[in-house]
Amino acid sequence: MAKRKKKSANILRDVAETAAYAVMGVFIAIFIYHALIFLLETDRPVIDVISSSMSPNINVGDMVVVRHVRPEDIKIGDVIVFDTLSEPLPVIHRVYKINEDGTFQTLGDNNNGVQHDWEKRIESKDIVGKSMLVIPYLGWVKIVVCDAVPAVCKILSPAVYGRVR
């Protein structure tokens with residue numbers, strides 16, 4: 001009987017330790033995320049990719065680190081993240097052309113030259129930032145967690161829930 005109580009106490013201690021590490025991990029992730037917001041000067045510094053429009057260079061499940069970029073520093077060939085009223089999620093595409101009025105045109109690497117109307121005039125105010133690093137497969141962690149328990153991602157940080165097409 002004494003062995004059974006000791007074994008139960010060990011199991012409870014192990015569960016409590018695991019829960020404490022999980023909570024610590026969440027707080028560390030939130031801290032790092034908010035530090036990146038400050039350091040990279042954008043409200044969405046880390047974004048997971050859920051579309052194949054940029055394959056094979058950026059794939060579904062990749063994590064993209066995004067930094068603020070001034071419009072005048074954007075060049076043809078840069079990969080930018082931007083908001084559009086036509087899509088519910090931000091879009092990550094390559095700058096295809098800079099219009100005379102200072103707006104931008106983009107095109108997904110995997111879109112076979114087909115450009116959507118909303119890609120033909122992207123204003124500076126809609127640009128979230130420029131891709132500075134692609135981490136293969138890491139986005140799957142966020143995709144799986146946010147798909148399984150969307151409330152967790154929304155509660156922790158609305159920006160964490162952001163994804164790109």
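Guide: Accessible areas here come from the Shrake-Rupley method with a 1.4 Å probe. On that basis, the protein has an accessible surface of about 10,200 Å², and carbon and sulfur atoms account for 63% of this surface. Please keep in mind that the model is predicted.

Visitor: How many helices and strands does the protein have, and in which pattern do they follow along the sequence?

Guide: There are three helices and seven strands. Reading along the sequence gives α-β-β-β-β-β-β-α-α-β.

Visitor: What share of the residues in the protein is buried?

Guide: Of the 165 residues, 38% are buried. The word applies to a residue with under 20% relative accessible area.

Visitor: Why is I122 called buried?

Guide: Its relative accessible area is 2%. The cut-off is under 20%, so I122 counts as buried. You will find I122 in the loop between β5 (104–107) and β6 (127–135).

Visitor: Which residues does I122 touch, leaving out those up to four places away in sequence?

Guide: They are F82, T103, F104, T106 and I127. What makes each one a contact is a pair of heavy atoms within 4.5 Å. Look at T103 in particular: T103 and I122 are 19 residues apart along the chain, yet their C-alpha atoms are separated by 5.3 Å.

Visitor: How many aromatic pairs are there by the rule used here?

Guide: The count is one. The partners are F82 and W118, with 6.3 Å from centre to centre. Centres have to lie within 6.5 Å, so these two rings qualify as a pair.

Visitor: Why is the pair of F82 and W118 called tilted?

Guide: The angle between the planes is 50 degrees. Under 30 degrees would count as stacked and over 60 as edge-to-face, with the rest called tilted. The angle of 50 degrees falls in the rest, so the pair is tilted.

Visitor: What does the pair of F82 and W118 tie together?

Guide: F82 belongs to strand β3 (residues 79–82) and W118 to the loop between β5 and β6, so the pair links parts 36 residues apart in sequence.

Visitor: Is Y21 buried or exposed?

Guide: Y21 is exposed, because its relative accessible area is 56% and the cut-off for that word is over 50%. Y21 sits in helix α1 (residues 2–40). Together with M24, I28, F31 and I32, Y21 forms a nonpolar patch on the surface, with about 580 Å² of accessible area.

Visitor: What makes R44 a buried residue?

Guide: R44 has a relative accessible area of 16%, which is under 20%, so R44 is buried. R44 is placed in the loop between α1 and β1 (46–49).

Visitor: Which side chains make a polar contact with the side chain of R44?

Guide: One is the side chain of D43, at 3.5 Å. Another is the side chain of D83, at 2.7 Å.

Visitor: What does the side chain of T42 reach?

Guide: The T42 side chain reaches the backbone oxygen of V128 at 3.0 Å. V128 is also one of the residues T42 touches, including I37 and H68, when those up to four places away in sequence are not counted.

Terms used
Residues are numbered from 1 along each chain as its sequence is written. This is a predicted model: local features need pLDDT of at least 70, side-chain atom pairs count only at pLDDT 80 or more; totals for chains, interfaces and linings use all residues. Side-chain values use heavy atoms; hydrogens and water are left out. Helices (H or I, at least four residues) and strands (E, at least two) are DSSP runs, numbered from the N terminus. Buried means under 20% relative accessible area, exposed over 50%, partly exposed in between (1.4 Å probe, protein chains only). Patches are made of residues with over 30% relative accessible area and no salt bridge: like charges are joined within 9 Å, nonpolar side chains (Val, Leu, Ile, Met, Phe, Trp, Tyr) within 5 Å. A salt bridge is a side-chain nitrogen of Lys or Arg within 4 Å of a carboxyl oxygen of Asp or Glu. Rings of Phe, Tyr and Trp (its six-membered ring) pair if their centres lie within 6.5 Å; planes under 30 degrees apart count as stacked, over 60 as edge-to-face and the rest as tilted. A polar contact is a pair of N or O atoms within 3.5 Å; within protein, one must be able to donate a hydrogen and the other to accept it, and residues adjacent in sequence count only if both atoms are side-chain atoms.
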